[in-house]
Amino acid sequence: MTRLFFFTIVILFGELSLSAQDLIPNDSLTLVKLKLENPNKFPLEGQYLRIIDLETNSEFEVVTNEKGASDFLIPAKKVYKIIIENFYGKLMEVEMDLPDESNLTYEFDLTIGVSNELDISYKTNSYELDSSAYPNINQLLKWLNDNKKLSIEIRGHTDNIGSASSNLLLSKNRAESVRKYLIGKGVYPSRIISMGLGETMPIEDNGSDKGRAKNRRTEIIVKM
């Protein structure tokens, strides 16, 4: 199975771009180690966040990596608003009040009951999009048009009914069908990657109809 790992690009209010080894706090900068997970303790990968300085209204954006984490430097001793959103809109808004100490690494963990699943349907054993899928895909399309600096990875998943090889191919074709639709609507191909993971990453027990339905899903992972 091929996995694609994302590395956080740290942007300090649009001015400073740093690699991970350069993230050293000082008297004026605090290193924030942000982590997102769902209530089942799974990391939320590819989650887009806007971070706003409430004093100056300066804003920057980060995306979580495969561990649901994002590390970044921001001016110390301030209060920030963190807005978590995706193609369905604003998911959560929370304040982060940095302590008054300097040379600080501040860990900020959030548990949120959301997912990056694109709620769409396919015909049985087919990668042809069902007509009910288009409203949600068009919502994703609008979000991509409104946030042109972002790219996405579309991940297709299946349950375990059928052979592993056929499920892998089906998941690839389903993810690619969404990619082709978005490209056909004008999104640059370089902004969209599609991949199929078949039955390899279930989120529920495949032993029940309910669990298998949960595992047949399409996820959108955001990149910057």
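**View 1. F60 in strand β5.** F60 is part of strand β5, residues 59-63; strands (E, at least two residues) and helices (H or I, at least four) are DSSP runs, numbered from the N terminus. The model is predicted, so local features need pLDDT of at least 70 and side-chain atom pairs count only at pLDDT 80 or more, while totals for chains, interfaces and linings use all residues. Residues are numbered from 1 along each chain as its sequence is written, and side-chain values use heavy atoms, with hydrogens and water left out. F60 has a relative accessible area of 3% and is buried (buried means under 20%, exposed over 50%, partly exposed in between, with a 1.4 Å probe and protein chains only). Four of the five residues of β5 are buried, so the strand is largely enclosed by the rest of the structure.

View 2. Strand β4 (residues 48-53) runs antiparallel to β5, and five bridges join them; two strands pair if DSSP finds at least two bridges between them. R50 stands opposite E61 of β5, and L49 has V62 of β5 as its bridge partner. Five residues separate the two strands of the hairpin, and N57 in the turn has a positive phi of about 65°.

**View 3. The four-stranded sheet.** The open sheet has the strand order β5-β4-β7-β8, with antiparallel pairing. β5 and β8 (89-97) are at the edges with a single partner strand each, so one side of each has no neighbour in the sheet. On average, neighbouring strands of this sheet are turned by 25° against each other, direction ignored (axes are lines fitted to C-alpha atoms, for helices over the stretch in contact, and angles run from 0 to 180 degrees between N-to-C directions).

**View 4. E153 in strand β10.** E153 lies in strand β10, residues 151-156. Its relative accessibility is 0%, so E153 counts as buried. The side chains of E153 and R155 make a polar contact at 2.6 Å (a pair of N or O atoms within 3.5 Å; within protein, one must be able to donate a hydrogen and the other to accept it, and residues adjacent in sequence count only if both atoms are side-chain atoms).

**View 5. The chain around these sites.** The chain has three helices and 12 strands. Of its 224 residues, 47% count as buried. Its C-alpha trace spans about 60 × 40 × 30 Å along the principal axes.
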